[in-house]
Amino acid sequence: MGQLLYDYVVIGETANYCILIAQLYYQGKCHGVHMFLLWLLHTFPRMLNYYYLCSGVDLGDIGPKFGANGSDYGYLRLNNLWIPRDHMLMKYSKDGTYIKPASDKLVYGSMVMSRATIVSDVSRALAKACIIAVRHSAVRRQTEVLPGGPEAQILDYQTQQNKLFPLIATACAFHFSGQAVQTSFLKISKEIDDGNIQQMPVAHSIPYRGATTTRRF
């Protein structure tokens with residue numbers, strides 16, 4: 001029947017469904033990657049807190065992660081899994097006849113959106129770290145400036161300012177850059193929804209450049 005899973009296990013092990021990006025073969029020809037609705041877990045009748053894996057599905061959490069341990073990232077392994085035709089996103093196969101999309105790259109839209117949010121996410125994380133550092137530097141005092149006088153805030157030291165101020169400026173730059181990236185992406189996405197795919201290369205390149213910049217930082 002499959003492996004029992006409790007409801008308190010992380011999302012990487014208890015997602016009932018997922019969108020699977022896989023190669024589509026139709027009438028012996030490969031039509032590239034497409035999205036499929038994949039059923040991962042069944043629920044026992046009258047036992048909503050217990051699940052078992054669907055046949056051919058193996059999944060779980062990947063364990064501790066450096067820098068993102070609070071995120072539920074899981075692994076998924078499929079073995080001789082059969083996916084019904086109506087579990088394909090039916091925009092391109094309503095009556096069983098394959099309809100080629102306007103562009104093969106449309107399937108990557110969700111991935112591009114996640115890249116577009118990376119810059120904003122980095123700005124928020126860096127801003128939180130800067131707030132903690134600045135508050136600590138304002139409260140912490142060390143070394144008398146004048147004999148018998150009060151100890152100075154470490155925020156007043158130039159070396160501390162040289163460490164913190166560029167990071168604050170970087171957080172602000174990432175914030176406004178992230179807003180610009182998301183605004184551009186949403187504008188181009190609307191044009192793509194209306195059938196105009198001329199700006200699609202721009203939609204792919206703008207968030208990628210922003211994500212690359214944050215990774216280098």
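The accessible surface of the protein chain amounts to about 14900 Å², and 58% of that surface belongs to carbon and sulfur atoms. The model is predicted. Of the 217 residues in the protein chain, 28% are buried.

**Overall architecture**

- The protein chain contains four helices and nine strands.
- Read from the N terminus, its elements follow the order β-α-β-β-β-β-β-β-α-β-β-α-α.
- When contacts between residues at least 6 apart in sequence are considered, 51% of them join residues at least 24 apart.

**The nonpolar core**

- Ten residues form the largest nonpolar core: Cys18, Leu20, Leu38, Leu40, Leu41, Tyr51, Leu53, Cys54, Val57 and Leu59.
- At least two residues of this core come from each of β2 (17-26), β5 (47-53) and β6 (57-61).
- In soluble globular proteins, nonpolar side chains tend to be buried together.
- Leu38, a member of this core, is in contact with Asn16, Tyr17, Cys18, Leu20, Leu76, Leu78, Leu81 and Ile83, when its neighbours within four places in sequence are set aside.

**Residues with positive phi**

- Asn80 is not a glycine, yet its phi is positive, near 50°.
- Asn80 lies in the loop between β7 (74-78) and α2 (109-139), and it is exposed, with a relative accessible area of 76%.
- Thr143, also not a glycine, has a positive phi of about 75°.
- Thr143 belongs to strand β8 (residues 141-144) and counts as partly exposed because its relative accessibility is 44%.

Note on methods:
Residues numbered from 1 in each chain as written. Predicted model: local features only at pLDDT ≥ 70, side-chain atom pairs only at ≥ 80, totals over all residues. Heavy atoms only, no water. Buried < 20%, exposed > 50% of the residue type's maximum accessible area, 1.4 Å probe, protein only. Core = buried A, V, L, I, M, F, W, Y, C linked by side-chain atoms within 4.5 Å. Contact = heavy atoms within 4.5 Å. Areas by Shrake-Rupley, 256 points an atom, 1.4 Å probe, with all protein chains shown as cover.
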